[in-house]
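Student: I have a structure open on my screen and would like to talk it through with you. Could we begin with the charged side chains and then move on from there?

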Amino acid sequence: DSDAITGLWALEGILVIFKASSIWTLSGNSPSTFFLRKIVTDVGCRNHFSIVEKDQILYFMGERAIFAFDGSSSPVEISEPVRPEITGRNFARDRYVVGAHDYANGIIWWSYSSAGSSTNNKLLAFFYRNSERVGKPSWLPWVLNTPVTTGILYTNPTTKTRELWYGMSDGRLGKSGGLTDNAVSIETRWRTAR
């Protein structure tokens, strides 16, 4: 078809070819054995850098959702709890969407631009480890004051409890429900699908 290729990924010896509104696979190990086929006709990928692999599953941003894809069956939407954030983004900046895998904490992050923004000023955190425990997709949408705001999961050495801490561009640090070191409250709202 005439759609441009928006992403490529090697998955278990097969090249997955993402287009704007379809997904193809190329298998074989020489030109004489290559086999190209369209396997998805109604879902595509917005940007190569939005693709993240975890346990032979590809997670990627489509036009209206984030999907999980095993390379052979239809992609499954996992982003229902954060659909307003995804559909309210600046679509013209989709080429700048970036996904990252935080193996240690069981999180996949996507950085993107809100409507009207000219920078990646929002994050979506997909807590896949927690999602597996509760049987539903667990998300945290994160609005950034600057594109360099980050978060880490911290284990308190005294209590051995795990806390999510935030690092701000000005060097201030704080935790959810607490205060940053300049006494400004930090608020987060975890979302899990019903």
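Tutor: Gladly, and keep in mind that this is a predicted model.

Student: How many salt bridges does the structure hold?

Tutor: The structure holds 5 salt bridges. One of them joins Lys54 to Asp55, with the closest N and O atoms 2.9 Å apart, and another joins Arg83 to Glu77, where the closest N and O atoms are 2.9 Å apart.

Student: Take Lys54 for a moment: buried or exposed?

Tutor: Lys54 has a relative accessible area of 11%, and because buried means under 20%, Lys54 counts as buried. Its partner in the salt bridge, Asp55, is exposed, with a relative accessible area of 56%. In the other pair, Arg83 is partly exposed at 34%, and Glu77 is likewise partly exposed, at 31%.

Student: Switching topic, in what order do the strands of the open sheet come?

Tutor: The 4 strands of that open sheet run in the order β1-β2-β3-β4, and their pairing is antiparallel. β1 (5–11) and β4 (35–40) stand at the edges with a single partner strand each, so one side of each has no neighbour in the sheet. From one strand to the next, the twist averages 25 degrees.

Student: How many bridges pair β3 with β4?

Tutor: Strand β3, which covers residues 23–27, pairs with β4 over 5 bridges in the antiparallel sense, and Ile23 stands opposite Val40 in β4.

Student: What about the largest nonpolar core, and which residues there touch the most other members?

Tutor: That core has 16 residues, and those touching the most other members are Tyr59, Ile66, Ile78, Trp110, Leu124, Phe126 and Trp139. At least two core residues come from each of β6 (57–61), β7 (66–69), β10 (107–112) and β11 (122–127), and β10 gives the most, with 3 residues. Another core, of 14 residues, lies apart from it and includes Val16, Ile39, Val40 and Ile51.

Student: Last one: where is Ser138, and which side chain does Ser138 join in a polar contact?

Tutor: Ser138 lies in strand β12 (residues 138–143) and is buried, with a relative accessible area of 0%. Its side chain makes a polar contact of 2.8 Å with the side chain of Asn130.

Note on methods:
Residues numbered from 1 in each chain as written. Predicted model: local features only at pLDDT ≥ 70, side-chain atom pairs only at ≥ 80, totals over all residues. Heavy atoms only, no water. Pairing = 2+ DSSP bridges. Axes fitted to C-alpha atoms, helices over the stretch in contact; angles between N-to-C directions. Buried < 20%, exposed > 50% of the residue type's maximum accessible area, 1.4 Å probe, protein only. Polar contact = N/O pair within 3.5 Å; in protein donor to acceptor, adjacent residues only side chain to side chain. Core = buried A, V, L, I, M, F, W, Y, C linked by side-chain atoms within 4.5 Å. Salt bridge = Lys/Arg side-chain N within 4 Å of Asp/Glu carboxyl O.
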